[in-house]
Structures are given as structure tokens and as C-alpha cells.
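Here's a quick briefing on a single protein chain, put together for someone who likes the cut-offs spelled out. Have a look at the sequence and the model first.

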Amino acid sequence: MLYDTHCHLDMLTEKDATIAIIEAQKVGVKEAISCSTSFASNQKNISLAEKNIGINAAIGIYPIDALELNEEELNKAFDYFSKNLNKASAIGEVGLDYKLSKDKEEREKQRIIFERFLTLAQKNSKPVIIHSRYAQTQVLDVLSTFNLKKVILHSFVDSEKLMKQATDKGYYISAGCNVLYNSEVEKRVAEFSLDFLLFETDSPIRFNGEMNIPKKILQIAQKTAELKKLSYEEVEEQVEKNYLKIFKK
Ligand SMILES: [Zn+2]
């Protein structure tokens, strides 16, 4: 079976989210983890997870969205996360985005919030799905101060050296649709250890002019097998093992 470890089904209508998971299941994508971005998206993802077999919720706030919340709102949000953690499979999408945030104070605020999420994950042994843009080294630095076992670095495919540093720590990397179009990413995924690989679509974010949907995981898995010169079954089996190790233990 295949799994989409990072998408945003809350960005679709409820009906379209249900259709998306049913269509994905028809091609062998058994489950999708729908990551939260704004605070409001958490309720939508939890509700989607309660209503649809195969949709799992990740709770969190995207680093840029988190900047909009003041101290009181953040406390309220974290209170909500603690109370609803049992309804979620993971914490995400959290992390650091320094591309859109150049100001020193903003970056510091992002880091403090990221650490709060990691503390929550560590206390509750929850997997954590991490966004890092123009901040991959910084994300690894912050992670090194925690003792987290179930870490998924979303689309962390910009640097071979950093990918190696991540797997040395036992972290997983989810490869997405760019493996279908980007020759640099193709090369890195081809050489990357299958033991730390997961697949994601980041649906419904558009990629290469097309709206992503979880069933695209099948294409990503097929392409990965081709790049690694392995059978499709071998890739499917190992990536499933990785997923189950993180989410079902
Ligand atoms: Zn995302």
C-alpha cells in the first residue's frame, strides 16, 4: 500500500476531500495525512479525519501563519492542541520559513513557536511533519536540541549534504511531485536511502500547472522505482514499512 504523508485536504470542499481520498484508495493510496496550516484549518482536518476512513489529521500551524498570532492567541492555540492531540496522527505542518520572513524578530518568533511544537511532540511521542524553507540548517539545529524519533522533513531535497545529515539522525524525508519534473531532485531521490523515504503530494498545491491530488502518489512511487532501478514492489514495501514504523507504533 501507498501513503500520502503530507497534503492539505482541508483546502478542498468536504465533498472534494472525500472524493480525493476515495480516488486515491482506488489506486492503492490507503491513507493521507492532512496537515494543518492556519489555526482554523485544524478543526477542518480533525473533522475530515473523523468522517473519512483514510484521512488522518496533523495538527499545527504553518510558520508564516503562526506569526499572525499574539501571545494570548498562541496560548489558546496550544491549549487546543494539547486537548485534541488524541484526534491527530501527527503534529504538522510546523517549522521555519525564512524565505518569507527576513526580519530577525520574526525569525526568532518562528523558532520559539517551532520549539513549542517540538516539545509537544516529544512529550506525547507524536510524529512531527516539518516545513523548512531557506532554513534547512536551522531546522536541523533546532531538532538537535530535542530527542525526537519520528521526524518527517517535508520536501527536504535541496541539498545532498543536509539530506545525509538528516538521515544520520534517523529522520525521514518525504519526496513529492518535483521528482516527476525536476532532474536535480530526480538525482537526489535516486541516490537517497529507501529506508528513510516517504512520499507526499502537498495536495492541492499546484505543481507544474496542475492541481495535486493524493492519487498522484502512485506516479511518484513508480518514478522512484525507475530512478532507483528497483522493482515497484520493492519500493512500495519499504516505504510502507517506513510509514507504519512512524505512524502505527
Ligand atoms: Zn504543505
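With 249 residues, a compact globule would have a radius of gyration near 18 Å, and the protein comes in at 17 Å, so the two agree. That radius is taken over C-alpha atoms, and the globule rule is 2.2 Å times the number of residues to the power 0.38. Bear in mind that this is a predicted model: local features need pLDDT of at least 70, side-chain atom pairs count only at pLDDT 80 or more, and totals for chains, interfaces and linings use all residues. Numbering runs from 1 along each chain as its sequence is written.

**Overall packing**
- Buried residues make up 45% of the 249 (buried: 20 or more other C-beta atoms within 10 Å of the residue's own, with C-beta atoms placed from the backbone).

**The sheet**
- The protein has eleven helices and ten strands (DSSP runs: H or I of at least four residues, E of at least two, numbered from the N terminus).
- Eight strands line up as an open parallel sheet, E1-E2-E3-E4-E5-E6-E7-E8 (pairing takes at least two DSSP bridges between two strands).
- E1 (2–7) and E8 (197–199) are the edge strands, each pairing on one side only.
- Strand E4 (residues 90–97) runs parallel to E5 (residues 128–133) over five bridges, and Gly-95 has His-131 in E5 as its bridge partner.

Methods: Buried ≥ 20, exposed ≤ 12 C-beta atoms within 10 Å, placed from the backbone.
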